[in-house]
Amino acid sequence: MRARIAAAERRFGRAPGSVRLVAVSKQQPWRAVEPVLIAGQRVFGENRVQEAEARWGEVRARTPDLELRLIGPLQTNKTADAVARFDVIETLDRERLARALADAVQKAGRAPRLYVQVNTGEEPQKAGVAPAETDAFLARLPAEFGLKVEGLMCIPPAGEPPGPHFALLAKIAARNGLSQLSMGMSGDFETAIRLGATSVRVGSAVFGARPEARPRAVQAR
Ligand SMILES: *Cc1c(COP(=O)(O)O)cnc(C)c1O
């Protein structure tokens, strides 16, 4: 995966090392994750706060350079946990969550780096700020909540070419002075690198297919 990312950087005229690999370890058994950690990967993405804690709690204590990124939706009642456990939260997408995060950051005295998720495909079932509302939302974060945002994140609609969505995200970021773009997954990270991704979130292409998701009731810890 590192070689493929480096090749895409070369092919699309991106600076060497300008694209970070976020290895998405959600739902993967530890036997799939551990070799990747041992091979030197340090940035991992998880989509649930509880699952991340169960998997990374102890590892984190003995791996000071580990970077954990929350890439799944965050409920307001889990913000304190998320602020305590994640280095980066990529899914800030609404005012209530901004308020809860601001409170949690103040209480914890610890501030994860933040990305705003943009719903580039304007899918009703998907999280994220609508593209037309993103500029205004971004302007309010420092002004009203004292939150500093590092970049934007998107998940293009399944079954559509992702390129236009990545291009839209890049355009919104550029006009808001944001340099970081979290976009691209196993199937489309090279396209994302072509269009300016600074981090790609890759799961199955690193770890293999995720095991069939179990029902939530069974998964609860
Ligand atoms: C699961 C997930 C990924 C990784 O998906 P793969 O197709 O396995 O690479 C990336 N981003 C988000 C937000 C995800 O939920």
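**Entry 1: T91**

I looked up T91 and found it in strand β4, which spans residues 88-92. I am working from a predicted model. Is T91 buried or exposed? Its relative accessibility is 2%, so I note T91 as buried, the cut-off being under 20%.

Next I checked the side chain of T91 for polar partners. One of its polar atoms lies 2.9 Å from the backbone oxygen of G72.

Then I listed the contacts of T91, leaving aside neighbours within four places in sequence. L70, I71, G72, P73 and L74 are among them. I also wrote down L97, Y115, Q117 and M153.

**Entry 2: the ligand**

Which residues surround the ligand? I noted V24, K26, I71, M153, I155 and M185, along with S186, R201, V202, G203, S204 and R210.

I sorted the shell by residue type. It divides into 6 nonpolar, 3 polar and 3 charged residues.

**Entry 3: polar atoms at the ligand**

R201 places a polar side-chain atom 2.9 Å from a ligand nitrogen. At G203, a backbone N or O atom lies 2.8 Å from a ligand oxygen. For S204, a polar backbone atom is 2.8 Å from an oxygen atom of the ligand.

Last, I looked up how much of the ligand is covered. Taken alone it exposes 390 Å², and the protein buries 88% of that.

Key:
Residues are numbered from 1 along each chain as its sequence is written. This is a predicted model: local features need pLDDT of at least 70, side-chain atom pairs count only at pLDDT 80 or more; totals for chains, interfaces and linings use all residues. Side-chain values use heavy atoms; hydrogens and water are left out. Helices (H or I, at least four residues) and strands (E, at least two) are DSSP runs, numbered from the N terminus. Buried means under 20% relative accessible area, exposed over 50%, partly exposed in between (1.4 Å probe, protein chains only). A polar contact is a pair of N or O atoms within 3.5 Å; within protein, one must be able to donate a hydrogen and the other to accept it, and residues adjacent in sequence count only if both atoms are side-chain atoms. Contact means heavy atoms within 4.5 Å. A residue is near a molecule or strand if one of its heavy atoms lies within 4 Å of it. Accessible areas come from the Shrake-Rupley method with a 1.4 Å probe; for residues, only the protein chains shown count as cover. Ala, Val, Leu, Ile, Met, Phe, Trp, Tyr, Cys and Pro count as nonpolar, Asp, Glu, Lys and Arg as charged, and the others, Gly among them, as polar.
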